[in-house]
Amino acid sequence: MATALLTVGLLLAGIVGYRQLPVSALPQVDYPTIVVSTLLPGASAETMASAVTTPLERQFGQMPSLAQMTSVSSFGSSQITLQFELDRSIDAAEQDVQAAINASSNLLPRTLPAPPTYSKSNPADTPILTLSVTSKALPLDQVNDAADSILAQKISQVGGVGLVTINGAQKPAVRVQVDPSSLAGSGLTLEDVRTALAATNVNQPKGNLDGPRQDFLLATNDQLGKAATFRPQIIAFKNGSPVRLDDVSDVIDGVENAQLAGWAGDQRAIILNVQRQPGANVIQTADHVKQLLPQLKASLPQGIEVSILADRTETVRASVDDVQFTLILTILLVVAVIYIFLKSLRATLIPGIAVPLSLIGTFGVMYLFGYSLNNLSLMALTISTGFVVDDAIVMIENIARYIEDGDPPFEAALKGARQIGFTIVSLTVSLVAVLIPLLFMGGIIGRLFREFAVTLSIAIGVSAILSLTLTAMMCAHLLKPHSEEKISRFHQWTEKQWERLVEVYGRGVKWVLDHQPLTLAVTVSTLLFTLFLAWIVPKGFFPQQDTGLIIGVSTASPDVSFTRMMDRQRALADVVLQDPDVLSVASFIGADGTNPTTNSGRLNITLKSRSDRKSDAAEIIARLQPKLQQIEGVQLFLQPVQDLQIETRTSATQFQYTLEDADPAELAEYGAKVLEKLQTLPELRDVTSDLTASGLQEKLDIDRDTAARLGILPQTIDDTLYDAFGQRQVSTIFTQLNQYRVILEVRPQDQQDPRALDRIYLKASTGDQVPLSAFARFEPGTSPLSISHQGQFPAGTISFNLAPGVALGQAVDAIRVAEAEIGLPPGMRPSFAGTAQAFQESLASEPILILAALITVYIVLGVLYESYIHPVTILSTLPSAGVGALLALMVTRTDFSIIALIGIILLIGIVKKNAIMMIDFALEAERDQGLPPREAIYQACLLRFRPIMMTTMAALLGGIPLALGTGTGSELRRPLGISIVGGLLISQILTLYTTPVVYLYMGRLGAWLKPGKKGVTAEAPAS
């Protein structure tokens, strides 16, 4: 009764937990990351770096728990990315960031149109949703107004949303485009116009009139709106006549930044990219946004259409669905192999209930721990199928043996459970012990696999409890002697084949026992061969996934014009859209925070679902690259989006290598040499750098003496140039939904080349108009389009992809060799960043992790067996598993990645059970029956052969669906399946013969080490 109630309670708890578990691609582990953005239209990259970025960085550098700080300063924009330690609360970090911004406010330029803003998001993280806002009837500025005022504001308030960026923005603005000649003829300067505009358009408090009985609020028409209200405004009086704004300028209703553009497919559009907060659940956040969209669409003006161009959650759901199907398939395969071995529907029904119940019960505990249904947790449950069935198999086989010997089922269940209980406890504790090192892994990888290890441990623990209770109870009520069951001819035939196989195995065991030195030499050779394979196997980090999304970063020459960039970007998008496997493309250009410079653009490419296309993401990229290379004047770098996002800086290609140096000149010199060298390495592809982009510059060399004699200050010169060419925001139009800028500039035709500077006049102290050329020389030169910092020092990032068939470890080694050949100066600090950095850290910890797993298992087994010797016997089975796993990875051309490493660690737990089952029986036979060691281990081999083969086949069938999977997200799971299947195939063949020999050698060693004993116990011949 108690067992039945326990089972029902476990089932209900598991069902409730499963329904409540959230769904995600991977466990929600992200570094707390905050991005601080500052806009100063018209400022060069050097000005942004020195006047904006550096003062902020000095304050941010004093914050506690700051793990990394990087920044990019470009034309009119500064973006600082702050990455905190994993255990730092992002809300607490947010308060520190705000305090640092406040502390630096007195050092920032007075011309900042707005204080620095921050968002809790990772700039390198792929948007969870990409929306396009279009209209066939309304102009783009009105479309942008609706998207900015309604969509972006409301979506930003959704829980889990970290940032909503508007790319290709066309925010409405009033643009005052001054004619320099007319202005000079009127005796006015650009500074006069700026001052007049600031005073003409205001929105200030006016107060009220409070009488004895009534109160009147005061209002005026001080605020202007559209361009038509600005044109007649008087900006000055000359010779008694008014000078109106439209006398010296063209005033139009335009956009705030005319050098931005976006497309949805081939149609102009406003692109909204929704990014999640670090740690937020992707599925839940996207679902909340999509639930809000119908309400938001209803509040938009008629004629505006909102569509989802890319939904990252679709592939996440498909991946989780695929691994759930794999889990169910694995359960069916495991139950089928049990039926083949046991030849009884009654016996098969027991594990057929125990295995699913163990997994269902695990869901309840996962919910209590705050876990989710993701690729790793479901992968743990899939692998655990082969583990949890072991306990049931061992219990059933042992009880069935007593029933066949004539014991009543109930007594057989008691006797069998009592005898095999210690073995089940040993298997369970040693399996969990293997996973203990995973729980103590550091960094984001450790946090990532903690959920995997705990989920697997829970499933194993629940299985052990059910095997000792439910399985034993069901055996007592369901199992019967074979004489009472109808046996089919097929079962009779399979039993005969099995008996023949046992005879063959028995003869093999006799042979190895007669040739023990040779068998021991094979065991030692296997260990050495494992170490050799571990040295030469290609090493990677995480398997390359096909998530259905590709990011393209376009780069043109540094001096490309906006019009030319638009044309080249459209040409790239047209080529991509023609590919039969591409579903949609969101494209945008212009420096807007996502794109750091004006010569760069972005393509967010959404692929069709896996069932609707024949090629994976890597094949599509390979197919597109030759076509894209034929487009002149622009390059497009493509990389598939990955679920695991470690980078915090955007780059054109997937892997990042940084050079940091306090001397910018030295950084530029050696950065170019390193880039040139890396571009020649055959292991790398698409090598590019942010150090090479230098745009044209026209420098004004001011004759300060002449300027001073004329009464013209450098401040006045800077302000005038800013008024003319910086798209300066001189006034603000306030409404109830949004704010719009008034932009001052000269006419577009007066800002196309350096000759435009000759048409700029300033007012001398005498009141005369003086051209710039009267006190300044113009010198052409070059200037960086962007300046990057890492930890407050100048830095450059070289990004690269891997050549086909090359592992990340091979690329890292090649780069290190190139470093040595170049001979970098002592002041330069090279390092890998993002994924490449995490790979290096994981590579250094892999041997320690495996060693820790071995030591942990040894200690646990030593405690269980109260012996220093027998744990060594059990661990002797492991080298053969390592050989099989590494050979399987090399044959299938699969990198030895973190996932494959987890497979190796799991093999430690799977393979040693063969030795445990043999040794348990042999020790009992020596102790209770008085058998000599050779006879005891021989009998143990024959008696445990069936359960060993059953459990191995169950574990093998648990790995095969992972190894052969082709569904969405299968790339992540395949290395785990390959390593487990390969390891089991080789180890099963070897350990069945090597374990008995090692047992005897260890027994002799143990007897020799005992005080007062010399020699070894006698061995009787195997009968």
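In this predicted model, the charged end of Lys 673 sits over the ring of Tyr 670, at 4.5 Å from the ring centre. A second contact of this kind involves Arg 1004, whose charged end lies over the ring of Tyr 1001, 4.8 Å from its centre.

**Aromatic pairs around Phe 449**

- The count of aromatic pairs comes to 10.
- One of them joins Phe 449 and Phe 452 in an edge-to-face arrangement, with 6.2 Å from centre to centre and 80 degrees between the planes.
- Helix H14 (residues 443–478) holds both Phe 449 and Phe 452, which are three residues apart, or about one turn of the helix.
- Phe 449 and Phe 452 are both buried.
- Phe 449 also pairs with Phe 542; the ring centres are 6.2 Å apart and the planes stand at 55 degrees, so this pair is tilted.
- Phe 542 belongs to the loop between helix H16 (516–536) and strand S17 (549–556), while Phe 449 lies in helix H14, so their pair ties together parts that are 93 residues apart in sequence.
- Both members of this pair, Phe 449 and Phe 542, are buried.
- Phe 449, Phe 452, Phe 541 and Phe 542 are linked into a cluster by ring pairs.

**Strand S29: burial**

- Strand S29 spans residues 786–790, and five of its five residues are buried, so the strand is largely enclosed by the rest of the structure.
- Ser 786, Ser 788 and Gln 790 point one way from S29, and Ile 787 and His 789 point the other way.
- The residues on both of these sides of S29 are buried.

**Strand S29: pairing**

- Strand S2 (residues 66–74) pairs with S29 in the antiparallel sense, over five bridges.
- Within this part of the structure, Thr 70 has Gln 790 of S29 as its bridge partner.
- S29 also runs antiparallel to strand S30 (residues 793–802), to which three bridges join it.
- Ser 788 has Ala 795 in S30 as its bridge partner.
- S29 and S30 form a hairpin with two residues between them.
- Gly 791, in the turn of that hairpin, has a positive phi of about 60 degrees.

How values were computed: Residues numbered from 1 in each chain as written. Predicted model: local features only at pLDDT ≥ 70, side-chain atom pairs only at ≥ 80, totals over all residues. Heavy atoms only, no water. Buried < 20%, exposed > 50% of the residue type's maximum accessible area, 1.4 Å probe, protein only. Helix = DSSP H or I, 4+ residues; strand = E, 2+ residues; numbered from the N terminus. Pairing = 2+ DSSP bridges. Phe/Tyr/Trp six-rings, centres within 6.5 Å; stacked < 30°, edge-to-face > 60°. Lys NZ or Arg CZ within 6 Å of the ring centre and 35° of its normal.
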